[in-house]
Amino acid sequence: MNSAPPHVSSYLLLDGNCKAAMGFYHRVLGGKLVVTTVGDSPMKSAFPESKHDLIVNARLVSGIVDISASDWLRPDQKPVPGNMVCLYISGGSSKELRALFEKLSEGADVTDPIKVHPFGSYGALNDKFGVRWMFSTDQK
């Protein structure tokens, strides 16, 4: 259970090289790195077996950095420079997360309405200024 209040960190969307990139950042910046593949996640059944070695979530936390990342997992969209880095609001209660999502969704392109998933609640949007935001909590 995630009892910390919501906080903002960076989230990197990488094109199949998330494991290598996060390993590099870990060697350079130190800290604790946790990596989860699609095949080891509760979302396993939502992806074909050919995607199970991709990273669904990685997080590196040290005294100087808090970076989360994943491989690009949207087969119907091409990754392009500019949509590969976003702001990531994580933690807190589902109610807190939904309130922030609603406020930031004013004039936004909501790409993923907040929904409950096996790992918790998740949503994403591109705000009215074109900035990508992702929202996640382990609360349902």
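**Ground rules.** I am working from a predicted model, where local features need pLDDT of at least 70, side-chain atom pairs count only at pLDDT 80 or more, and totals for chains, interfaces and linings use all residues. I number residues from 1 along each chain as its sequence is written, and side-chain values use heavy atoms, with hydrogens and water left out.

**Aromatic pairs.** I found 3 aromatic pairs in the structure (rings of Phe, Tyr and Trp, its six-membered ring, with centres within 6.5 Å; planes under 30 degrees apart are stacked, over 60 edge-to-face, the rest tilted). One of them joins tyrosine 11 and tyrosine 88 edge-to-face, at 4.8 Å centre to centre with 65° between the planes. Tyrosine 11 sits in strand S1 (residues 7-14) and tyrosine 88 in strand S5 (residues 85-90), so this pair ties together parts 77 residues apart in sequence (strands are DSSP runs of E, at least two residues; helices are runs of H or I, at least four; both are numbered from the N terminus). I noted tyrosine 11 and tyrosine 88 as buried (under 20% relative accessible area; exposed is over 50%, partly exposed in between, with a 1.4 Å probe and protein chains only).

I also looked up phenylalanine 101 and phenylalanine 135, an edge-to-face pair at 4.9 Å centre to centre and 70° between the planes. Phenylalanine 101 belongs to helix H2 (residues 94-104) and phenylalanine 135 to strand S8 (residues 132-137), 34 residues apart.

**Helix H2.** Which residues of H2 are buried? I have Ser94, Leu97 and Phe101. They fall within an arc of 65° seen down the axis of H2, so they line one face of the helix (the arc is that of the directions from the helix axis to the C-beta atoms). On the face turned away from the buried side I see the exposed residues Lys95, Glu102 and Lys103.
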